[in-house]
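Thanks for coming. Let me put the model on the screen and go through a few places in it.

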Amino acid sequence: MIAAPRQRWFFVLGLAAVAAGFLLPQVWLLSLSLKSKAGMFEYPPSQVPWYLWNSLIVAVFASAATLAVAAPAAYVLSRERFSGRTPLLASLLVIQMVSPVILLVPIYGMIERLGLIDTRAGLILVYAAMQVPFTVWVLKNFFDAVPASIFEAARLDGATRARTFREIILPIIAPGLGATVVFNLAAYWSEFCLALVLLDSQARYTMPLGLFSFQSGYDTDWHLLAAASFIALVPVIAVFVVLQRYFVAGLTAGAVKG
């Protein structure tokens, strides 16, 4: 009876230590962002809102494009049995493990032939293509967990496959969709290498490139860099807070499935 409260306190202290490990760097970043060389508050450069806007456009549209392709593909791979299904799943797994950095040269050549260099559309296309295999695998597990009786009931009610997918199955796997959206948005928001190669003009820089542009070979205004970095964290935190319920439910569902 005495050991249980002690174990609970140790658990709470452990969680507090982990939370402090994540929060203290953010507090330090906020403190540094409020300082300047003159010891007075100074706002980050005016380009920061534009960098945020570029990142928002790219992340949102890339996430939407990824889900538009990956959700139907995962549904078919989960519910249908056809020739070549197993090799296709294996190919998606292999592609998922390949780093985009290895493919920078062919990616650049392809986007250049499409005339999409230094455009947000080109970056959105590449981001969505690179994240589809991961999203397909994640969503497939959620489709696998849907009981077969639901599909049978929908078929007996006369629902088409498209209607079953759109109106019945997607609401059921909403936690999985929320979890993948959070993962994908975080990946798109923080991606640097592809954006560095595909974007040339500063007007189209995403937030990681904008932060990189604050540094030079001779001097770095660390207070401005810290202020812009803290601002860049706010949308990510806001998205997680909004989708936290779906994110936690998605992780829990995945754990139960495993």
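Is Met97 buried or exposed? Met97 has 63% relative accessibility, so this residue counts as exposed; the cut-offs are under 20% relative accessible area for buried, over 50% for exposed and partly exposed in between, with a 1.4 Å probe and protein chains only.

Before going on, the conditions. This is a predicted model, where local features need pLDDT of at least 70, side-chain atom pairs count only at pLDDT 80 or more, and totals for chains, interfaces and linings use all residues. Residues are numbered from 1 along each chain as its sequence is written, and side-chain values use heavy atoms, with hydrogens and water left out.

Met97 is in helix H3; helices are DSSP runs of H or I with at least four residues, numbered from the N terminus.

Now the inside. The largest nonpolar core contains 47 residues, meaning buried Ala, Val, Leu, Ile, Met, Phe, Trp, Tyr and Cys joined through side-chain atoms within 4.5 Å. Helix H2 gives the largest share, 12 residues. Among the residues with the most contacts inside this core are Leu139 and Phe143. Leaving aside neighbours within four places in sequence, Leu139 is in contact (heavy atoms within 4.5 Å) with Leu67, Ala70, Ala71, Ala74, Gly176, Leu177 and Thr180.

Last, Ser78, also in helix H2. With a relative accessible area of 3%, Ser78 is buried. Not counting residues up to four places away in sequence, Ser78 touches Arg85, Lys140, Phe143 and Asp144.

Conventions:
Helices (H or I, at least four residues) and strands (E, at least two) are DSSP runs, numbered from the N terminus.
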